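This briefing concerns a single protein model. Please examine the sequence and the structure shown below before reading on.

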Amino acid sequence: MLRGREAELAEVARLLDQARAGRSGVLVLRGEAGIGKSALLDQLVRRACDVRVLRATGVEAEASLPFAGLQMLLRPALDRLGTLPAVQASALRGALGLAEATGTSRFLVGLAVLSLLSELAGERPVACLIDDAHWLDAASADALLFTARRVAADGVAMVFAARDEFDAPGLPELRLGGLDRTGSTFPINHNPEGKVQPCGESTSRASSPHPWKATSTWGISPTAPMRSP
Ligand SMILES: Nc1ncnc2c1ncn2[C@@H]1O[C@H](COP(=O)(O)OP(=O)(O)OP(=O)(O)O)[C@@H](O)[C@H]1O
Ligand SMILES: [Mg+2]
């Protein structure tokens with residue numbers, strides 16, 4: 001269980017409620033390394049049992065590979081490409097290496113992502129969770145920010161978790177500040193292998209073939225804002 005992030009979790013979870021009600025919402029979750037962005041996304045996923053979750057992480061080593069991040073995000077939805085307008089489907093296929101990229105138009109790729117998410121949200125709400133967005137390749141970041149600026153009444157929740165270097169002008173932000181538990185040992189619900197605990201289940205180290213880390217010493221920057229206990 002996360003400590004001291006109830007307000008932040010409620011704010012992010014509100015996007016899921018909006019998506020369930022057929023409205024889209026976007027949030028950039030910002031904060032320094034180790035402040036708890038990924039942990040908050042993990043908690044959000046646990047509240048999203050009824051939501052289709054698409055998740056990707058920016059990878060520093062792939063930052064120069066155009067559309068690598070987008071491919072990670074959309075991989076589970078590629079079977080829907082046939083529902084898009086042909087010109088958009090073709091652009092997205094080219095971008096993702098599924099067809100020859102004949103002068104891929106980034107505008108059309110952006111439109112295709114928007115159409116694809118919209119199509120998926122027609123069935124059930126969609127959450128797009130993009131972690132470490134500061135390491136996204138530029139082409140993916142452009143397409144996803146293009147989409148984020150346009151999703152409206154589709155039932156899509158988009159959350160970008162990023163450090164300060166991620167540029168997302170015009171999008172609403174939630175900055176994670178530090179908590180006042182410097183050096184404390186926290187019971188956490190975080191899997192070092194990056195897996196998220198399935199919805200509704202409680203942590204059971206005994207039942208896991210890969211025992212999860214049970215505690216973590218979590219320090220904060222001395223410059224981070226402090227909260228009352
Ligand atoms: N509120 C919290 N309560 C308990 N543990 C926490 C909390 N926030 C973060 N942690 C733990 O602190 C560690 C760092 O958190 P996390 O990986 O979420 O940081 P981050 O902001 O995503 O950092 P980075 O920018 O490097 O990706 C993790 O082990 C996480 O489980
Ligand atoms: Mg992280």
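A residue counts as buried if 20 or more other C-beta atoms lie within 10 Å of its own, as exposed if 12 or fewer do, and as partly exposed in between, with C-beta atoms placed from the backbone. The model is predicted: local features need pLDDT of at least 70, side-chain atom pairs count only at pLDDT 80 or more, and totals for chains, interfaces and linings use all residues. Residues are numbered from 1 along each chain as its sequence is written, while chains are lettered from A and ligands numbered from 1 in the order in which they are written.

**Overall architecture**

- The protein contains 6 helices and 7 strands; helices (H or I, at least four residues) and strands (E, at least two) are DSSP runs, numbered from the N terminus.
- Read from the N terminus, the order of elements is α-β-α-β-α-α-α-β-α-β-β-β-β.
- Of the 229 residues, 40% are buried.
- Contacts require C-beta atoms, placed from the backbone, within 7 Å; of those between residues at least 6 apart in sequence, 78% join residues at least 24 apart.

**The sheet**

- An open sheet with parallel pairing is formed by 5 strands in the order E2-E3-E4-E1-E5, where pairing means that DSSP finds at least two bridges between two strands.
- Strand E2 (52–57) and E5 are the edge strands, each pairing on one side only.
- From one strand to the next, the twist averages 15°.

- Strand E1 (residues 25–30) is largely enclosed by the rest of the structure, because 6 of its 6 residues are buried.
- Gly25, Leu27 and Leu29 on one side of E1, and Val26, Val28 and Arg30 on the other, are all buried, so that both faces are covered.
- E1 runs parallel to strand E4 (residues 156–162), to which 6 bridges join it; valine 28 has phenylalanine 160 as its bridge partner, and arginine 30 stands opposite alanine 162.
- With strand E5 (residues 173–175), E1 pairs in the parallel sense over 3 bridges, and leucine 29 stands opposite leucine 174.

**Helix packing**

- The axes of helix H1 (residues 6–20) and helix H2 (residues 37–46) come within 10 Å and cross at roughly 55°.
- Glu8, Leu9, Val12 and Ala13 of H1 make the contact with Leu40, Gln43 and Leu44 of H2.
- H1 also lies across E1, strand E3 (126–131), E4 and E5, running at about 150° to E4; axes are lines fitted to C-alpha atoms, for helices over the stretch in contact, and angles run from 0 to 180 degrees between N-to-C directions.

Methods:
Contact = placed C-beta atoms within 7 Å.
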